[in-house]
Amino acid sequence: MKLTFNKELLLQLIKDIEEGSGHKVPYTGDRYDKPMDRTLGIIVYGSEGVGLCGNHQKAIASGVGVVWANECDPEKRGFHQCRKVKDATFGSDDGEYFVPLSVVKENMLDFPVPYIDFNSHGIYYGSAHLEDLIESPDIIKQETVIVVDYIDEMVEADLEDEDDEDSLISWRHYRAYAQVPYDFAVKEMDVNPEDYNYSDYYLGANFYMNPQNLWAKFELDNYGELSFGEMDISNTDFDETPLADIAVYSMLAWHREEEKSLSKNSYQITCCFNPARLPEGVSWDDFQKIVVSAFEEISPKSTLTFEVADHYSFIGQKSRDDVFVQFLLYRWIVQNRPELPPHSWLLIHSTCSNNCFPDLITSYYGWPRCEVHGLL
């Protein structure tokens, strides 16, 4: 995996190293039984992120002049995201290693974007045009970072049917800033590729959550919507509280009465599912037995029937919120049948492809990220 760096900051770091004094190569000197090495160079170190600093006395003493990797910058990204990238590149342990300045200057300055490539064959230093890096499988997987600015409680009420009180839909509104991915910026916003900088290109954004359908849409000002795959909501904070926690607490509070209703009342419920989606070793009869066992706890007074269908849904309960019932079954399987991890086969449907609920829920509970299928 490649970690990229801001070239201007790297050039400034090189200048500081060359003008500095008291250079030391780590782990050399009397205490290490090695001659002191005064070679000029940078120190690549991993802590809460992955960064570069000089090996001159001022940098070592004060820690100034750190150049963080764009993909692993603790000042701009959440802890969990930085930790994930650090573990995949530098490794899970904290530490440092030395790179001679001559290696950096010979390999990392020819093109606009310097990088360090961590792969199974070793560590390589280079530079490239951003367009070339963005086509790399490592770089293209970068997800948009979202910074939440403020939250409005329950805004934008709308009645689908003015004669039906149950059709009232309330939204929770999150005002945020989203880091714009390269493809979106260049193709949708006509940004010059040479002017694009992933590490600091942001737009204002609006993020809405619907408690009934459990989905969100994410709009970038007047430029349209980002797709769910381009967002990293799970590591987003608001006022030092993870957005996943806020969403889960809110959603489960909204649905507490629905869960109580399911547990106390009797409904005729049909479970629709496609047997072709079942994991290996689980038959259609096995699946029905699993769902029956789950509903002995979820809704013990209800009567269950099953229907083979292309889609996965529950129909027939008083509430139209069948997505929440899907989640209850998902949770039951995670807790009671761990040998059948549902994220690999149990789709969670929503009314929109930008469904944030599964990702937030799975992040909150520490489950693997599940597959989402939008009903458009």
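Leaving aside neighbours within four places in sequence, Ser302 touches Asn265, Ser266, Tyr267 and Ile269, where a contact means heavy atoms within 4.5 Å. These values come from a predicted model, in which local features need pLDDT of at least 70, side-chain atom pairs count only at pLDDT 80 or more, and totals for chains, interfaces and linings use all residues. Residues are numbered from 1 along each chain as its sequence is written, and side-chain values use heavy atoms, with hydrogens and water left out.

Ser302 sits in the loop between α10 (284-298) and β16 (303-308); helices (H or I, at least four residues) and strands (E, at least two) are DSSP runs, numbered from the N terminus. With a relative accessible area of 14%, Ser302 is buried, a label given under 20% relative accessible area, with exposed meaning over 50% and partly exposed in between (1.4 Å probe, protein chains only). The Ser302 side chain reaches the backbone nitrogen of Tyr267 at 3.1 Å. A polar contact of 2.5 Å also links the side chains of Ser302 and Ser299. Such a contact is a pair of N or O atoms within 3.5 Å; within protein, one must be able to donate a hydrogen and the other to accept it, and residues adjacent in sequence count only if both atoms are side-chain atoms.

Turning to the sheets, 4 strands form an open antiparallel sheet in the order β4-β3-β2-β5. Because β4 (67-68) and β5 (95-100) each have a single partner strand, they stand at the edges, and one side of each is left without a neighbour in the sheet. Pairing here requires that DSSP finds at least two bridges between two strands. Strands β2 (residues 41-46) and β3 (residues 50-54) run antiparallel and are joined by 5 bridges, and Ile42 has Gly54 in β3 as its bridge partner. Helix α1 (residues 7-19) lies across β2, β3 and β4, running at about 35° to β3; axes are lines fitted to C-alpha atoms, for helices over the stretch in contact, and angles run from 0 to 180 degrees between N-to-C directions.

A search of the whole structure for disulfides, defined as pairs of cysteine sulfur atoms within 2.5 Å, finds 0. For Cys271, the closest cysteine sulfur is that of Cys272, 6.8 Å away and therefore too far for a bond. Cys271 is buried at 0% relative accessibility, and Cys72 is likewise buried, with a relative accessible area of 0%.

Overall, the protein comprises 12 helices and 19 strands, and 49% of its 376 residues are buried. Of the contacts between residues at least 6 apart in sequence, 64% join residues at least 24 apart. The average pLDDT, the predictor's confidence in each residue from 0 to 100, is 75, and 64% of the residues score at least 70. Confidence is highest in α10, at 95, and lowest in helix α6 (residues 137-140), at a mean of 47. Over residues 153-168 pLDDT stays under 50, and the model has 26 contacts beyond four places in sequence for this stretch.
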